[in-house]
Amino acid sequence: MIDIRPGRRVAVVAGIRTPFAKSGTVYRDVSAVALARHAARELLFRSEVDGREIDEVVFSQVVPSVLTPNVAREVSLLPQLPPSVPAYTINRACASAAQAINNAADQIRLGNADVVLAGGVESLSDLPILHSRRFSRMLVEASKARSLGHRLATVGKVRPKDLIPVTPAIAEPSTGETMGQSAEKMAKENGITREEQDRIALMSHQRASAATASGRLAPEIAPWFGGRDMDEVVSEDNGIRSDTSIEALAKLKPVFDRKYGTVTAGNSSPLTDGAAAVLLMSEEKARALGHEPLAFIRSYAVSAVDPGWQLLMGPVYAVPKALERAELSWKDLGLVEIHEAFAAQVLSNVQAWGSQSWADRLGLPGPVGEVDWERTNVSGGSIAIGHPFGATGARLVTTLANEMRRRDVEFGLISICAQGGMGYAMVLERR
Amino acid sequence: MGAFTTENENGVTVITFDLPGEPVNKLSAAVRVEVEALLIGFRDDPATRAVVLISGKADNFIAGADIEEFTALTSQDAAERLSFEGQETVSRVETFHKPIVAAINGACLGGGLELALACHYRIATDHPKTQLGLPEVQLGLIPGAGGCQRLPRLIGARAALDMILTGKSERASKALRLGLVDEVVPRSILRQVAVAAADRLAREGLPKRAGKGGFQGMVLDRTAAGRQLVYRAARKEVLKKTGGHYPAPLAALEAVRVGLEQGVTAGLAEEHRAFGELAVGDVSRKLVQIFFATTALKKDDGVPPGSATPRQIRRLGIIGSGFMGSGIAGTAVLNVEVDTRLKDSDLTRVGKGLKAATRLIADRYEKRRITRPQYERLTALLSGSADYSGFNRADLVIEAVFEDLGTKRKVLAEVEGLVRPDAIFATNTSTIPIRQIAEHAQRPERVLGMHFFSPVERMPLLEVIPTEATAPDTLVTAVRFGRRMGKTVIVVADRPGFWVNRILSPYLNEAGHLLQEGVPIEVIDRVMTRFGFPVGPVALLDEVGLDVADKAGGVMHEAFGERMKPAGALSRMLGATRLGRKNGRGFYRYKEGHKAGVDTSVYALLGVRPAEADADLVQRRLVYAMLNEAAMACAENVVRSARDADIGAIFGIGFPAFRGGPLRMIDDVGAGRVVETLYQLQEVFGERFRPAPSLLEMSRRSGRYYPA
């Protein structure tokens with residue numbers, strides 16, 4: 001292999017995740033911290049690495065709990081790790097866990113760490129629900145009140161509408177547009193049909209379902225012991241529909257534009273709870289500890305576009321950048337994992353990568369590449385498996401690395417669109 | 001001065017107690033003399049306005065009286081005098097005209113607490129090792145240095161009796177709630193706060209303490225009529241718990257009662273009188289012997305000292321997540337805080353096992369014995385899977401799968417293929433010889449038996465069974481680990497049934513014979529609870545499970561022949577799918593998991609009609625079956641010492657502690673009389689009562705198990 005980047009080579013040694021579950025289902029009463037700790041602990045057990053080897057923990061969470069804002073530290077305080085392992089939590093929206101992996105990899109590359117545990121978590125069942133600003137202010141004033149009378153006076157100002165809680169919405173703060181509305185806009189502007197979208201969704205479910213049934217996904221899943229008696233064992237993702245069909249998908253009503261829309265619950269990723277973690281090591285350390293790396297990180301790139309334009313087009317910029325840094329072209333890729341926020345977004349990205357007009361915009365001599373679906377999202381994607389914002393990046397790295405080994409593929413790519421108009425790409429290599 | 005050093009801090013004299021050459025502070029006659037001298041010295045010292053009493057030991061205030069000292073006493077008079085002198089010294093502390101503050105970090109027990117109670121102000125640290133209590137009744141004694149007087153006056157009759165009659169100790173937070181201590185502070189500022197408090201007391205006078213317990217406290221603790229109710233309830237509770245076999249709690253109750261109703265002087269007199277009587281009494285002697293035996297066992301690694309180095313156990317693997325496996329897992333996590341991985345064949349079973357183990361941790365949290373973060377930490381130590389992931393890093397693997405030789409061998413082979421060569425494999429079996437399980441082991445030196453008793457979290461005994469091939473460091477590691485799990489560990493030989501089940505087997509079998517003869521179930525059980533067992537043999541069979549007992553009985557029959565031949569009652573019960581408590585159908589009926597009386601339909605099943613029985617004879621048959629087997633097993637060196645034998649019987653099957661154990665009982669009855677009784681039983685009931693050759697030999701030589 002060519003030494004294309006300074007510093008040490010970083011190995012992906014192992015990856016694990018909890019089963020992904022639709023929010024409000026099996027993890028209804030489980031905290032994000034518990035999910036993250038479960039994934040991290042099982043990763044240690046499965047990879048048979050001693051917790052004392054870990055130099056740092058980097059985790060991500062997009063909507064953190066106000067009570068545990070640094071979920072990474074809760075992970076590094078697992079009793080299987082020494083309390084001296086530092087930890088921090090990052091947020092790059094839907095690309096967060098991939099970013100956590102990058103940060104970890106950079107520290108290894110620079111020689112600041114040998115072994116880093118990186119991952120992410122999201123529990124949309126464990127969302128912080130806020131009070132209205134006015135009510136919060138009154139509570140603060142009441143707590144500072146010097147006398148009971150003063151306190152009662154403050155509380156007396158509360159109006160019924162102040163008591164309505166504020167639930168965080170999945171909307172762009174800068175534009176007020178929800179994710180779904182953005183996807184709807186992209187479908188229209190790029191001429192993506194309802195049927196094309198439903199076909200992507202169907203493929204996602206069929207492939208995820210086949211990968212689950214054949215046991216191909218099992219090695220990346222750490223079963224969860226749920227229920228009051230811990231005997232309701234969850235070992236598969238519960239959003240995958242093995243029985244769905246193009247007809248069933250076609251029956252669903254568009255959600256974001258009821259009249260002329262094409263984006264439905266069926267061709268979008270669902271709100272999901274779950275955690276995923278990846279163990280990274282310097283190549284030397286991995287070899288010294290006797291691990292056969294799944295893959296190595298070759299390059300990555302991040303981009304951003306104006307959120308007011310086509311929100312989820314970031315990957316169109318990030319992917320060619322990452323390929324350039326990897327000194328590779330699209331046709332070198334044996335496997336590709338594209339994060340499926342919405343089928344409309346996937347198809348918009350694919351269209352752009354394949355077009356000459358986009359190549360001109362990007363200043364490239366020719367199109368980035370033509371997506372070969374036989375080598376893309378081969379085990380399904382986020383539409384079927386689910387998308388816990390903070391965890392998806394680590395799932396993609398794990399799934400890609402496992403599959404690269406299984407097929408003995410030399411180069412693989414992941415592509416993630418993220419809130420805020422951001423795009424993310426990472427190239428993995430074997431050998 | 002030996003044990004005490006003093007220092008003056010701005011008019012406050014800090015007395016530091018640090019008994020030379022001992023890990024903990026203990027009170028003895030010599031220490032008492034020193035205390036008296038200190039009090040005289042500081043009485044007229046103008047530079048001393050107040051006193052602080054603090055310990056120089058790490059995390060120990062005063063562990064109590066020196067037990068060796070009063071076990072040396074031979075007469076009641078001498079014991080009474082010891083108590084009286086202790087009362088006098090403690091009273092001089094109380095009446096000292098300058099304030100004395102007790103600064104308590106670590107155990108403050110027995111005489112130590114009695115001394116602290118006489119001080120004028122008590123400050124305890126929030127360190128988990130800080131425990132306050134009067135455990136005297138656990139040694140068959142009562143608090144004899146004014147504790148029966150001062151504790152009820154400080155915290156009320158009800159709370160005081162709760163502590164004195166059970167001997168339990170309390171953490172600082174509870175002690176503060178009870179009013180037992182005045183303040184709780186972090187260890188780092190104990191001395192500083194105590195000196196400031198002493199200074200304050202010297203300037204402002206002693207604190208006024210309000211009666212505790214609100215309206216209920218006023219009625220029950222502070223009226224004579226209310227207290228009568230309290231005494232009556234306490235007496236009833238004591239009799240229920242002790243079966244009348246242990247005199248100390250009732251004597252303590254009396255000392256408290258006399259003190260509260262007739263005044264301190266009368267109370268102190270009753271206290272030292274009763275202490276003298278109890279201290280030379282048989283029950284206390286037995287309990288003290290047991291205390292010494294368990295203390296000695298805590299230092300006994302089962303190998304000659306220094307001959308092997310124990311390995312550190314950082315990770316524990318457990319195979320089999322049933323009742324046993326999950327009990328071992330939960331107990332290990334709670335007590336050793338070790339990373340514990342539970343493996344079973346399917347994930348649902350693993351989940352159930354994890355839940356059962358988690359339950360033990362949750363219980364402790366709900367009782368407020370651990371904090372929420374501690375709960376989170378401990379539960380995070382527990383994990384499980386249906387494969388062997390993580391086992392390669394295990395230092396100790398305990399197998400608790402179904403009692404079947406083939407399965408156990410298979411598990412051993414699987415584990416040996418995964419773990420590091422120096423990892424230890426322990427098999428939890430109650431009957432299968434360890435060497436059979438280890439027969440095809442690649443590393444037999446790393447294999448041994450760890451026989452836990454069920455329920456693991458509550459049963460205090462562990463039998464560790466080395467084979468001839470077991471390496472000394474394997475043995476010492478298992479013994480130490482068992483001890484860290486909170487168990488009293490005895491090392492026993494690899495003979496069928498080991499020790500506990502060996503002596504239990506003929507006893508339970510005799511119960512089977514009695515059943516087959518039509519002796520009513522309640523008679524069999526009652527004679528043995530009267531003897532002092534916590535449950536009778538028939539109830540025990542139900543608890544153990546009739547299938548398990550039957551299987552064990554078969555193994556014992558095969559190993560030891562005719563005298564262990566099963567009486568047949570169990571197979572008839574099993575024929576009617578009666579398994580005991582676990583399926584709610586045994587010799588007793590069960591309603592919602594609770595025992596609901598004898599199931600009289602059993603008699604028809606056994607083909608008998610219940611008839612009158614000679615209770616004495618029934619008891620004799622059961623007890624002597626066990627004594628005789630104990631003598632045989634002992635002669636075969638199943639146990640290493642009489643001490644281990646008796647401790648095993650007391651902690652493993654609840655042999656009455658006040659009788660000191662089966663071998664101690666043989667000594668007390670006399671080998672000659674034991675042989676005589678066995679001959680009589682043999683004549684009527686046959687060969688199974690033929691006296692053990694070792695008993696005959698002992699009877700000829702007038703020998704004993706323990707020195708007289």
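This is a predicted model: local features need pLDDT of at least 70, side-chain atom pairs count only at pLDDT 80 or more; totals for chains, interfaces and linings use all residues.
Which residue in the turn of the hairpin formed by β21(B) and β22(B) has a positive phi? The predictor gives the complex an ipTM of 0.90 and a pTM of 0.91. For chain B, the mean pLDDT is 95, with 100% of the residues at 70 or more.

Back to the hairpin. If you want a spot to look for the pairing, find Tyr588(B), which sits opposite Val598(B) in β22(B). Two residues lie between the strands, and the one with the positive phi is Glu592(B), at about 50°.

Six strands build it, in the order β1-β2-β4-β7-β9-β12, and the pairing is mixed. At the edges are β1 (4–9) and β12 (183–185) of chain B, each of which pairs on one side only. Going from one strand to the next, the twist averages 20°. Inside that order, take β7 (residues 100–104) and β9 (residues 121–125) of chain B: they run parallel and are joined by four bridges. Here Ala103(B) faces Ile123(B) in β9(B), standing opposite to that residue.

Now for some helix packing. Two packed helices are described by the angle between their axes and the distance between the axes. For helix α27 (residues 642–653) and helix α28 (residues 662–669) of chain B, the axes come within 7 Å and cross at roughly 110°. On the α27(B) side the contact is made by Ala642(B), Ala645(B), Asp646(B) and Ala649(B), while α28(B) brings Pro662(B), Leu663(B) and Arg664(B). By class, that contact has five nonpolar residues, two charged ones and no polar ones.

Finally, how do the two chains meet? On the chain A side 16 residues are in contact with chain B, and 16 residues of chain B take part in turn. Helix α1 (residues 32–47) of chain A supplies the largest share of the chain A side, with four residues. That side of chain A is made up of seven nonpolar, seven charged and two polar residues.

Definitions and conventions:
Residues are numbered from 1 along each chain as its sequence is written. Chains are lettered from A and ligands numbered from 1 in the order in which they are written. Two residues are in contact if their C-beta atoms, placed from the backbone, lie within 7 Å. Ala, Val, Leu, Ile, Met, Phe, Trp, Tyr, Cys and Pro count as nonpolar, Asp, Glu, Lys and Arg as charged, and the others, Gly among them, as polar. Axes are lines fitted to C-alpha atoms, for helices over the stretch in contact, and angles run from 0 to 180 degrees between N-to-C directions. pLDDT is the predictor's confidence in each residue, from 0 to 100. Two strands pair if DSSP finds at least two bridges between them.
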